[in-house]
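Me: I would like to go through some labels used for a structure and ask what each rests on. Please set the values against the definitions.

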Amino acid sequence: MEDELAASITIQGAVWGGAKAFTVTSGPGFSLMMEHIGYAAMTETPCVFVDVQRGGPSTGLPTLPAQADMMQARWGSHGDYGIIALCPNSPQECFDLAITAFNLSEEFRVPVMLMLDECVGHMTEKVIIPDAAAIDVYPRRFTHLPPGEFRLFEPREDKVPDMVRAGDGYRFHVTGLTHDERGYPSMNVDTQRSSVTRLLEKLQPFTGERALSETADLEDAEVVVVSYGITSRVAQRAIDLARQKGVRAGKFRIISAWPFPEKHIAALAPKVKAMVVPELNLGQMVHEVERAAAGRCKVRLVPHAGGTVHNPEAILKAILEAAE
Amino acid sequence: MSEQTLEIPCNIPADAVNPVEPFLRMDRMPHIWCPGCGIGTTVNCFTRALIDSHANLDKVAIVSGIGCTGRVAGYANLDSFHTTHGRAIPFATGLKLANPELQVVVYSGDGDLFAIGGNHFIHAARRNMDLKVICVNNLTYAMTGGQTAPTTPSKVISATNPYGVFEPAFNLVALAEAAGASYVARWTTFHVKQLSRSMEEVLRKKGFCFIEVISPCPTLYQRRNKMGDGLDTMKYYKQASKIRHGAPTAECDLTKSGEIVVGKFVDRDRPSYFEMLNSQMTETLGDRYAEPEVMCEQC
Amino acid sequence: MLTEIRIAGFGGQGVILAAAVIGKARAIFEGGYATMTQSFGPEARGGSSSAQVILSSEPILYPYITRPDILIVMSQEAGARFIPELKPGGILITEQELVRVDHMPAGTRAFGVPATRLAEELGRKMVLNIVMVGFFGAVTSLIATEALRQAVADSVPPASQKLNLQAFEKGYEYGASLIEKLREEGETEMVLSFESES
């Protein structure tokens, strides 16, 4: 396509035509795609956006890492809506979580962001690709109702509506305007409240039971390092060093960053002295950690403006200070 | 007009249906367009073209952008998509790529297709993507209050140029031809028969087809420029239009009140996007290339 | 045990491919682990190019190298920039006709190869990177030669596979005979294999 504006909407045309589709970008391209992340959320179009995060703002650091698009991924398009964001930390996870991203987009009918960073994006490691038959694929939720009975945005029990594709005789209408269950524009207070609320509520499971994370050494931990993406690998080295120094450090790696796994963090907070949050930005997900911890433990940011990854020593220092 | 009621003598049976009704979502009527607006006329022509072309309506999809004409998709009883401002063409491109058996029609306005969406228009034409683009050109941004559009002719008074437009306007038919469109025509909403025929013709033609329909916006354009109402505009179209099939598109500029050259300007055969894709891949990859399959879980 | 390797030169020399071959030999053909990261300027040709490979018997966490155990340099600029970072006692491998080494950290074992010239003898200057890989294999004994050979074959287009394997053998033979010569000259410190030192 000619640009990111086009790519980010072409994939949605393709989805309504019956295909699965995704687009990939970095930095300014992600900014250009924001409009259609909102369109995908509003029209409940399952699709995947991959953002390889680089230093910003603007053109920033085109070939160097950052994790500074995390809030943009969540809030970048105007209005209230929800998305899912996943943070791989290796080429293997880029493969595995790309599949997860497609599956979740189909199950919840949302745009799913795969939030890499330049380090993971340009990293080469061994990737084990399973047989296609061994890969779980969540099929599109095509309706079983005939055209006369089907309503395009009538949710099922899980608050997610079933779908159709163009050309199958349903004569349906999709619009980015606030719409009723038929898909017709309905710009009134009640429709706005019920439809926009549902866009957020259908993703509630990701704040708790459906959240994806990786944890280690939490049983006895006094300090927990909460990290994601490439920073989680750097943090692991700091955790190991802290343990060698006798500080009981633990790991909570966020894999599904949005919706934020707030129930997990809230449950962990009273059990620890502190949470240390290293991220390749000057403070983004740390605000979510603070919100979920709600004062029940200290929360300490280890910021980094990007361009490379943290020095593990910087994270170690924060762990040791937090343990005091 | 006085308070007298106009009696139209007719013998319409009670169960009669307007022939265009099956093509419209009657549960969405009345529409939002102003009295005297030309968009409804073009929709009428489009339904006529659908009837005459005997298209399988289950396989026709219509994609609109934002604006007054952007609302057409919502009234057409087809698979229909009301997308974002300027992005109807890339959305339609995705739809066509995923499901090539669909006849994909893009129906939108001049502001949507040629200002914010101008880049997508020239690239889709360059690729000869198999899309039928119908642009209702009312020479202004109507839905937002009559601001200057890239199509607004010189000297016209608009909300953003109260002392007259001084930027040159795009000549849409010349732009379409230069960018590579396979078919380029222009009509006004006065030319309903010819417009229907053109629409029917593009429904049968492969590749990127473009029809510009000059249409009045009595509320914001004609009124502000003291050009009368919808009916006065029809008279102007009738008097000022000149049918010149095959006219060089570069000579078809529009002015505030001058001649309107209409007709079919371009009708050529260029390889379509799919043909170019398949031919290049076959040349490079030979037997290793498999043409993309149409998704078919339900058919 | 982690081995950190940096390969650096200018864009167009095949720095990244050389690093990928070494990583692939360990991760795929020896069943271990390798992580390669790369840094590059905006230039496709002529700018600086540098890749980092970490080899390990266990999964690798921290993705970048801190101080390389082995440095392979193919340009003077890369040498000036990276030789001071070499770990003391580390191995320096140079394209000897492109890099003049004035200073290096104490205890460095340095090996030079005229890789560009050897590649030109094969008719294609562009395979100098694979000559370097062969030479690296011979002087470090870090990775099984067969694993490296397989990685070369697996990483290049079929049409240039034969040429690249020739380049690999050419570099390898040059390195093996250099080691043999050093051993005969009693330079045992130099020929200690990398693995035996660890």
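Me: Which residues does Thr84(B) touch, not counting residues up to four places away in sequence?

Reply: Thr84(B) touches Ile9(A), Glu35(A), His36(A), Tyr39(A), Gly65(B), Ile66(B) and Asp112(B), where contact means heavy atoms within 4.5 Å. This is a predicted model, in which local features need pLDDT of at least 70, side-chain atom pairs count only at pLDDT 80 or more, and totals for chains, interfaces and linings use all residues. Residues are numbered from 1 along each chain as its sequence is written, chains are lettered from A and ligands numbered from 1 in the order in which they are written, and side-chain values use heavy atoms, with hydrogens and water left out.

Me: Why is Thr84(B) called buried?

Reply: Its relative accessible area is 9%. Buried means under 20%, exposed over 50% and partly exposed in between (1.4 Å probe, protein chains only), so Thr84(B) at 9% is buried. The residue lies in the loop between β2 (79-82) and α3 (88-98) of chain B; helices (H or I, at least four residues) and strands (E, at least two) are DSSP runs, numbered from the N terminus.

Me: What makes Ser75(C) buried?

Reply: A relative accessible area of 2% puts Ser75(C) in the buried class. Ser75(C) lies in the loop between β4 (70-73) and α2 (76-82) of chain C, and touches Ala8(C), Gly9(C), Phe10(C), Leu98(C) and Val99(C), leaving out residues up to four places away in sequence.

Me: Where does α2(A) bend?

Reply: At Met34(A), by about 45 degrees. The bend is the angle between axes fitted to the seven residues ending there and the seven starting there.

Me: How do you know that β5 and β6 of chain B pair?

Reply: Two strands pair if DSSP finds at least two bridges between them. Six bridges join β5 (residues 183-188) to β6 (residues 209-214), so these parallel strands of chain B meet the criterion. Ala185(B), for one, has Ile211(B) as its bridge partner in β6(B).

Me: In what order do the nine strands of the open sheet run, and what leaves one side of each edge strand without a neighbour?

Reply: The order is β7(A)-β2(B)-β1(B)-β3(B)-β4(B)-β6(B)-β5(B)-β8(B)-β7(B), with mixed pairing. β7 (173-175) of chain A and β7 (241-243) of chain B each have a single partner strand, so one side of each lacks a neighbour in the sheet.
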